[in-house]
Amino acid sequence: QYLWYPSVIVMESVGDLEVEFSNDDEITHAVLMPGGAGDHAVAVLPVHQGARVRVHLSNPGLYSFSCPVSNHAGRGMFGVILVKGDVPPEARLDRPKQPRP
């Protein structure tokens, strides 16, 4: 199985996120993480080694991270980062105010 653990990361607010990845498999993996300005951070994960990846997420929203090697993302090496917070004014939809829980 190709899986990230955890595959869902929740951030309470925008800011820096540092994640340590490890590779326990017999093949090389990599991780592709989103960056706040549309750029990405990439780290190679050699066999039985790991890497630490740090990104800055400057807007609330849903971001994804994956393994870009072969079809590893399609086989399960795909995860999401949820950054909580209000949407910036320029990204808000023009609709009536919704009740908040």
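**Entry 1: H48**

I began with H48, which is partly exposed because its relative accessible area is 48% (buried means under 20%, exposed over 50%, and partly exposed in between, with a 1.4 Å probe and protein chains only). H48 lies in the loop between β4 and β5; strands are DSSP runs of E with at least two residues, helices are runs of H or I with at least four, and both are numbered from the N terminus. I read a phi near 55 degrees for H48, a positive value in a residue other than glycine.

**Entry 2: Basis of the values**

I note that this is a predicted model, in which local features need pLDDT of at least 70 and side-chain atom pairs count only at pLDDT 80 or more, while totals for chains, interfaces and linings use all residues. Residues are numbered from 1 along each chain as its sequence is written, and side-chain values use heavy atoms, with hydrogens and water left out.

**Entry 3: The chain as a whole**

I found zero helices and seven strands in the protein chain. The C-alpha atoms fill a box of roughly 55 × 25 × 20 Å along the principal axes. Of the 101 residues, 32% count as buried. I also looked up contacts (heavy atoms within 4.5 Å): among those with a separation of 6 or more, 57% join residues 24 or more positions apart.

**Entry 4: The nonpolar core**

Of its 22 residues, F21, M33 and I81 touch the most other members. Each of β1 (8–11), β2, β3 (29–34), β4 (40–45), β5 (50–57), β6 and β7 supplies at least two residues of this core. The largest share, four residues, comes from β5. Leaving aside neighbours within four places in sequence, I list the contacts of F21 as W4, V31, M33, L45, G50, A51, V53 and F65.

**Entry 5: The loop between β6 and β7**

H72 counts as buried because its relative accessibility is 5%. Beyond its neighbours within four places in sequence, H72 is in contact with Y2, I27, T28, H29, C67 and M77. S70 lies in this loop too, and it is exposed, with a relative accessible area of 72%. The phi of S70 is near 45 degrees, a positive value in a residue other than glycine. R75 is also found in the loop and is exposed at 54%. I noted that R75 and E26 are 49 residues apart in sequence and 16 Å apart in space, C-alpha to C-alpha.

**Entry 6: The segment before β1**

I located P6 in the segment before β1. The peptide bond from Y5 to P6 is cis, with omega near 0 degrees.

Terms used:
Core = buried A, V, L, I, M, F, W, Y, C linked by side-chain atoms within 4.5 Å.
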